[in-house]
Amino acid sequence: MADLKTTFLGISSPNPFWLASAPPTDKAYNVNRAFEAGWGGAVWKTLGEDPPIVNVSGPRYGAIHSNERRVIGFNNIELITDRPLQTNLDEMRQIKKDWPDRALVASVMLPMNEPTWAKYLPMVEETGIDAFELNFGCPHGMSERGMGAAVGQVPEYIQMAAEWAKKAASVPVIVKLTPNVTNILPPAKAALDGGADAVSLINTINSIMRVDYDSLTMFPTTDGMGTHGGYCGEAVKPIALNMVAEIARTKETRSLPISGIGGITDWRDAVDFLALGASNVQVCTAAMVYGFKIIDDLVDGLSRFLDEKQLALDELVGKAVPSVTDWQYLNLNYVEKAVIDQDLCIQCGRCHVVCEDTSHQAITHTVNGERRFEVIDSECVGCNLCVSVCPVDGCISMHQLTKGSDPRTGEPISMEKADWTTHPNNPMRKTK
Amino acid sequence: MSKSEQQADIRGNRLDKEEIARNFGDLHPPLSRSEALIAADRCYFCYDAPCTTACPTGIDIPGFIQKIRSDNVRGSAHTILRENIMGGMCARVCPTEVLCEEACVRNTHEEKPVEIGLLQRYATDPIFDQKTSLFSRAPATGKKVAVVGAGPAGLSCAHRLAMLGHDVVVLNRDDKPGGLNEYGIAAYKTVDDFAQKEVEYILSIGGIELRNGETLGQDFTLQELRDSYDAVFIGIGLGSTNTIGLDRESLSGVSSAIEYIAEIRQAKDLGKLPVGRRVVVIGGGMTAIDIAVQSKRLGAEAVDLVYRRGPEQMGASRYEQDLAKTNGVTIHHWARPVELLGNNHVTTIRFERTALDSNGRLTSQGDPFEITADTVFKAIGQILDIGVLGTDAAGLEIRHDRIVVNETGRTTLRDVWAGGDCVAGGDDLTVTAVQHGKVAAIDIDRRLRGE
């Protein structure tokens, strides 16, 4: 079994799975249980100034369920730690003493003035933590007080606070980014410019889960009123992956080590993040939904996968990054057609109706008077919609045309690459 | 009392109250909300769905399941009931395993279809429990239609006619409405007096006058109806039981399955109902299974079901056959009765083996065997009592003892429609009868509006 021992910013942990700063890492009791279960590290629930903040004593969480009550998306309005700083520091010190092989990172959120950072960071570092994570991500509550996402949305603030942190800390500094921005690159660049050693992303996304269909108020509420929370869980993974890949593939930011966060539930999700440029990953929602035992599958699955691929963990990191590019560089000469395996087809007709109603009218419903679903090559644009909706795995697949001409356009198939930058329809095309 | 009658062991109280309650509880308990949501999630929402094509009433099955999925249960019930006003009973008694669920595309790779029948029941139960009104009547047309028979065909026709604005009088032979839903289906398939609940719901639309205890050919004639109403729909089912054609069919202990099922359904206390110790059922349809299983569940010691052909030819679906076997019924194929033995009461029934000859005809193979019995139930089908139609039925074409109709239920008499088991070309299913009634009502409406 492949060794999952990971070194991130010089911090070693037995595997790349850390618990993200969140309720699961609120206190020693939880973190002890997590480490007993096998988690590689923990980012402690975000610390703030004393006196501690106060949380609501009503619903802090909301969920989107499948009909089987599987949690697909999750949101929270919990703030940072509501316990006295000293209590947290005492427990963190003990944890680091008891679990010297695990990574312990202190997440901090402080007001935007340097003296506060200079005061608190050394106090926290004294516990023996391995690194700081600056929480510039929480989109609810704390952002109203000028912290969390309110900082993460302004690159200049990120840089400023990163500089203060680097000055006050001797251990590495990770900047945790908010996804509530239009472009993740300026915040990442600001972290780098401020001297941050790494970024972690994503934090949660601004969200309202739904309304209550009886009261017609938003849901959930505290005494009839609600506020937006931070969205997370399986549903947010694609958003997180894009932001991770953007940082990993952009020249100005790609030197930043990345701790990937966002909807990681099983080991395959971890492969996604690692291959798209993260060096380790952080998990919260899956643990909150299933408990700490999920670490067994995360570790076992990833290890077996690496064995199968004959890859070391660090060889997986960034493996898929070169395959991510801008739309304008996609090969417009490349042609695929969908092919339906008639032996696997159960004749539900979903491919037909979605193609007919919403796409290119490229799938039959009747052939020679019989119910039969076949791709009409002369209409098929290769969009992958039918593959996406087909309930039978492997029944519809995409096949590249390599010779002859495309029955749809009549154009001969060219094996030469040609993208939008040189396309004749592009008024801004580059001439050779 | 003769010797054979002393031997006959036919009595009630074979099982205690708890056993009876367990045996006659719901065959398929209803789905809870969470079970229904999971079952609904398995529907692929097929295009031109094969299940809908397989449903004789053409219910938009993916449509109603989608509404269950989105917690729009009332909308789901409307989708079902607008095509099949007896969607509640059909959810319980339809042989879904040979209709919608057989057509489900899930069978291709999983052999486990979406549980359409149970989902249909989940959607419709609250409507009947809460008496939720889903349908209203069109403006009155002033036309009056007579419906003969208050079974699935008649009631379906009456409801649709009432919806379309016509006034309807339903003439029902029995004390209670419902036809075979009330009298002819195994008790464990329709518990808690559901058949009456459903009829009440159907009548609640208004414009339907139900007259019980009115028998065609006795209390009124077809001609009288034709003279007094704008149109007539005949949905009288099949009134008489076929005979086996043996010498001593009138022996005590030999009776019609359908009559005993009616007794079971009407019994105030099932435990007290007399049932034989050794029961033999002749026949291979749903009624044969219903009587065999219910006899067993009432406490009969041995129940043998004998059918003259093989399992494939049985009218009962494979599921029903399995149900009989798991209830301890012994099924004998390829045998037919040749002699009933006993003085006054039947004691034994003698069979011979059968086979198909090279022309596909059933032939005797000899090799007789006997089964001792104190009760013999004939479940070999029913026939239409043509006599009730009266002499004025001249011009009403009858073929193979059933009324001939076209695809919209028109008989050869201009103002008379018919549907359900009494017409030719049906399959004796509740759901088909409902469709007949609906289609005829739409055609009657068209005719009465002069279209």
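**Exercise 1. Find what share of chain A is buried.**

Solution. Start with the cut-off. A residue is buried if 20 or more other C-beta atoms, placed from the backbone, lie within 10 Å of its own; it is exposed at 12 or fewer and partly exposed in between. Now apply it. Of the 432 residues in chain A, 43% are buried. The model is predicted: local features need pLDDT of at least 70, side-chain atom pairs count only at pLDDT 80 or more, and totals for chains, interfaces and linings use all residues. Residues are numbered from 1 along each chain as its sequence is written, while chains are lettered from A and ligands numbered from 1 in the order in which they are written.

**Exercise 2. Describe the build of chain A.**

Solution. Count the elements. Chain A has 13 helices and 20 strands. These are DSSP runs, numbered from the N terminus: helices are H or I with at least four residues, strands are E with at least two. Next, take the box. Along the principal axes, the C-alpha atoms fill roughly 80 × 60 × 45 Å.

**Exercise 3. Identify the partners of Tyr231(A) in strand 14 of chain A.**

Solution. Strands pair if DSSP finds at least two bridges between them. Strand 14 (residues 229–232) pairs antiparallel with strand 6 (residues 71–76) over 3 bridges. There, Asn75(A) stands opposite Tyr231(A). Strand 11 (residues 205–207) also runs antiparallel to strand 14, joined by 3 bridges. Here Ile205(A) is the bridge partner of Tyr231(A).

**Exercise 4. Decide why chain B counts as compact.**

Solution. Chain B has 18 helices and 19 strands. Its radius of gyration, taken over C-alpha atoms, is 23 Å. In chain B, 48% of the residues are buried.

**Exercise 5. Locate the largest nonpolar core.**

Solution. A nonpolar core is a set of buried Ala, Val, Leu, Ile, Met, Phe, Trp, Tyr and Cys residues joined through C-beta atoms within 7 Å. The largest holds 142 residues. Leu305(B) is one of those touching the most other members. Helix 18 (residues 430–448) of chain B gives the most, 8 residues.

**Exercise 6. Count the residues in the contact between the chains.**

Solution. Two residues are in contact if their C-beta atoms, placed from the backbone, lie within 7 Å. Chain A supplies 12 residues and chain B 13.

Methods. Rg over C-alpha atoms; globule rule 2.2 N^0.38 Å.
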